[in-house]
Amino acid sequence: LISRVSEDPEDIELIEGLNFTESRVWLLLKNIELQDDQDHICYMDNRFSSIQFFSFLRSQSIGACGTVRTTSRSFPNSLKGDDPTWKKKPWGYIKHVPVGDVMCILWVDQGPVRLLTTVHTGEEDETIESLRKRPRTTSSNAASVRSAFGGEERKMLHNPEIINDYHHLKCGV
């Protein structure tokens with residue numbers, strides 16, 4: 001699919017409200033044979049994620065999920081976590097704020113993880129238990145993480161479903 005996309009910026013049709021990168025991703029997605037009886041969800045990293053783009057994809061009946069940069073347009077200030085207070089949040093802390101039809105999520109793991117989604121709610125009961133390895137003591141949120149693991153090297157912990165989905169499904173549609 002990538003080979004069908006021209007490298008010439010002149011060949012990319014800019015979609016109103018989307019930047020060049022988002023328009024390019026849309027060009028890739030619209031070339032996929034969409035079946036009426038199948039749901040499609042695109043998982044992407046923070047280079048491609050924005051609230052406006054996810055909202056656009058939703059309007060095209062494509063779900064979206066991915067990490068996001070705090071500098072992304074319209075990302076809620078309450079989830080940026082740029083101040084040092086996030087380090088006082090316990091491991092597994094989750095907060096979500098809807099912006100239109102896109103859910104913005106902050107989850108505290110070894111550090112703050114920020115995501116956008118149109119297919120998850122961010123509710124605390126949307127969790128999956130998985131075996132996690134304790135991070136190094138030098139991680140940015142080491143004190144909080146150590147309390148979650150206790151003295152164990154590996155432990156079954158409840159992770160948000162969105163995190164599990166993102167890690168297992170990123171790099172694919």
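Buried here means under 20% relative accessible area, exposed means over 50%, and partly exposed is in between (1.4 Å probe, protein chains only).

**View 1. Thr118 sits in a loop of this predicted model.** The loop runs between strands β5 (112–117) and β6 (127–133); helices (H or I, at least four residues) and strands (E, at least two) are DSSP runs, numbered from the N terminus. Thr118 counts as buried because its relative accessibility is 13%. Beyond four places in sequence, Thr118 touches Phe54, Arg58, Ile62, Gly63, Ala64, Asp101 and Val102, a contact being heavy atoms within 4.5 Å.

**View 2. Thr118 meets Ala64.** Along the chain they are 54 residues apart, yet 5.5 Å separates their C-alpha atoms. A polar atom of the Thr118 side chain lies 2.9 Å from the backbone nitrogen of Ala64.

**View 3. Helix α2 and what lies over it.** In this helix (residues 51–59), Ile51, Phe53, Phe54, Phe56 and Leu57 are buried. Their cover includes α1 (20–30), β1 (41–44), β2 (63–67), β3 (94–99), β4 (102–108) and β5. Just after α2 comes Ser61, with a positive phi of about 65°.

**View 4. The largest nonpolar core has 21 residues.** Such a core is a set of buried Ala, Val, Leu, Ile, Met, Phe, Trp, Tyr and Cys residues joined through side-chain atoms within 4.5 Å. Trp26, Phe53, Leu57 and Leu116 have the most contacts inside it. At least two residues each come from α1, β1, α2 and β4, and α2 gives the most, with five. Another core, of 15 residues, lies apart from this one and has Leu115, Phe149, Ile162 and Tyr166 among its members.

View 5. Where pLDDT is low, the predicted coordinates should not be read in detail. For the whole chain, mean pLDDT is 80, with 83% of residues at 70 or more.

**Notes for all views.** Residues are numbered from 1 along each chain as its sequence is written, and side-chain values use heavy atoms, leaving out hydrogens and water. As the model is predicted, local features need pLDDT of at least 70 and side-chain atom pairs count only at pLDDT 80 or more, while totals for chains, interfaces and linings use all residues.

Technical notes: pLDDT = per-residue confidence, 0-100. Polar contact = N/O pair within 3.5 Å; in protein donor to acceptor, adjacent residues only side chain to side chain.
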